[in-house]
Amino acid sequence: MASNETGLFFALELDGRNESPRRLRESVAAAESAGFTLVTFGELVDGADRLDAGTRAAFVSSATTTVGLAPAVHTLTTEPFFLATQIASLDHTSHGRGAWVVGGDNSPAAHAAAGSTVREPSSIISEIRDVIEVSRQLWDSWEDGAVIRDADTGRYLDPEKVHHVRFDGEFFDVVGPLITPRSPQGQPVVVGDARLGVTDLLDIALVEDLAAAQEARGDGAPLVFVDGADDVASLVGLVDGVRFRPSSAEDLTVLLGETVPALAAAGLLRRPTIGRTLRENLGLARPASRYAAQN
């Protein structure tokens, strides 16, 4: 938990509205310069012509060095193997700053865009849980050190360190392994709204208020961020971070140019350190592969 001495982690939501590639890059660069630890990229289905969240995060990954990048990818409209591969690839391209905002959009518009079927409410939480679980298994399917690149023997990898996950679930089956080697963080950071009902599977739970924050901690969330707040100072020592959600380009300009500098001057901002992974900056341990533990 954050303390008065360390302040709060700051996250910024960019929902993609009226956002050109140039403006996107400038906004993320400004957030990084201001001291944000994380930028999340919303995935809205409203008929507007915009790049998807994963593409936007990948686009800025090579132009940033410190800030974490977390696209929203929806569990009910994205094939789990592709989802896990996309997020792992982002962790590689960003050198350990990749994350995933778990989305659970079940609207007819979202399913129409993906060619999938609207789910029954009774099955949604179970399916989201399965997608998170199989993603984590796939991220573990390559152990550290699996890639050996031994030119003398012509061996690229150690097959004993690459594993089939063989996930057999109610909603889908995945054999694995992932098509990308283990990423720098081992497992990218998983972020999600506590109201999804999967808080115990998250690294960061997003909550509405302090009452929900206490509940999220009880449900096992390692870190808790308040999703939008007017009085940031009142949150220090009670939660770990806050996510700002500017509603317009003008609000974003004020946030980055006036609000955050004032909060930083008051000692309320906990800045990330360059050269560290997102997990390291958040104080989260790098998980060992579950398959390595079996050897």
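Which residues in H1 meet Arg56, Phe59 and Val60 in H2?

## The contact between H1 and H2

In this predicted model, the residues of H1 that meet Arg56, Phe59 and Val60 in H2 are Pro21, Leu24, Arg25 and Val28. The residues of this contact divide into five nonpolar, two charged and no polar.

Two packed helices are described by the angle between their axes and the distance between the axes. For helix H1 (residues 21-34) and helix H2 (residues 53-61), the axes cross at roughly 65° and come within 10 Å. The crossing of H1 and H2 is right-handed.

## The length and end of H1

Helix H1 has 14 residues, which should span 20 Å at 1.5 Å a residue. The C-alpha atoms at the ends of H1 are 20 Å apart, in agreement with that expectation. After H1 comes Gly35, which has a positive phi, near 110°.

## The two sides of H1

The buried residues in H1 are Leu24, Ser27, Val28, Ala31, Glu32 and Ala34. Viewed down the axis of H1, its buried residues fall within an arc of 165°, and therefore they line one face of the helix. The face of H1 turned away from its buried side carries Arg22 and Ser33, which are exposed.

Several elements cover the buried residues of H1, including H2 and helix H7 (249-265). Strand E1 (9-14), strand E2 (38-41) and strand E3 (68-74) are also among the elements of this cover.

Technical notes
Residues numbered from 1 in each chain as written. Predicted model: local features only at pLDDT ≥ 70, side-chain atom pairs only at ≥ 80, totals over all residues. Heavy atoms only, no water. Axes fitted to C-alpha atoms, helices over the stretch in contact; angles between N-to-C directions. Helix = DSSP H or I, 4+ residues; strand = E, 2+ residues; numbered from the N terminus. Left-handed = near helix turned anticlockwise from the far one by under 90°. Contact = heavy atoms within 4.5 Å. Nonpolar A, V, L, I, M, F, W, Y, C, P; charged D, E, K, R; others polar. Expected span 1.5 Å × (residues − 1). Buried < 20%, exposed > 50% of the residue type's maximum accessible area, 1.4 Å probe, protein only. Arc of directions from axis to C-beta.
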